[in-house]
Amino acid sequence: MHITCPHCLHKAHITSSNDLNDEKTISDLYCICLNPDCAGRFVMQLAFQRWLAPPAISIVQLAANLLNTLSKAEREALLQGLPPG
Ligand SMILES: [Zn+2]
């Protein structure tokens, strides 16, 4: 990940990070500017915003969750290509 110093616009290095929630969707990034004439230290915030495409595992999990709501007979009918019920 490329971090830019907000003061001199030089490249900066992430020295550590701190997750701010259990889902790890928002974190504080502790940074130091690599410009020796600046060497500023600062905190940037990294946050998940939105999915552009759902992760494949979510689709599989969604299908599994839906299947688990069906009775055994409904699942068997579905797997045989018959309409459930
Ligand atoms: Zn700087």
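Which residue in the turn of the β2–β3 hairpin has a positive phi? Lys-24 does, at about 55 degrees, with six residues between the two strands.

## About the model

This is a predicted model: local features need pLDDT of at least 70, side-chain atom pairs count only at pLDDT 80 or more, and totals for chains, interfaces and linings use all residues. Residues are numbered from 1 along each chain as its sequence is written, and side-chain values use heavy atoms, with hydrogens and water left out.

## The strands

Strands here are DSSP runs of E, at least two residues long, numbered from the N terminus. They count as paired if DSSP finds at least two bridges between them.

## The zinc site

Now for the metal. Cys-5, Cys-8, Cys-33 and Cys-38 each coordinate the zinc ion through SG, at 2.3 Å (donors are N, O and S atoms within 2.8 Å of the metal, or 3.2 Å for Na, K and Ca; water is not among the atoms, so sites may look incomplete). Along the chain, the donors are spaced C-x2-C-x24-C-x4-C. Cys-8 sits in the loop between β1 (3-4) and β2 (11-19) and Cys-33 in strand β3 (residues 26-33), so this pair ties together parts 25 residues apart in sequence.

Terms used. Helices (H or I, at least four residues) and strands (E, at least two) are DSSP runs, numbered from the N terminus.
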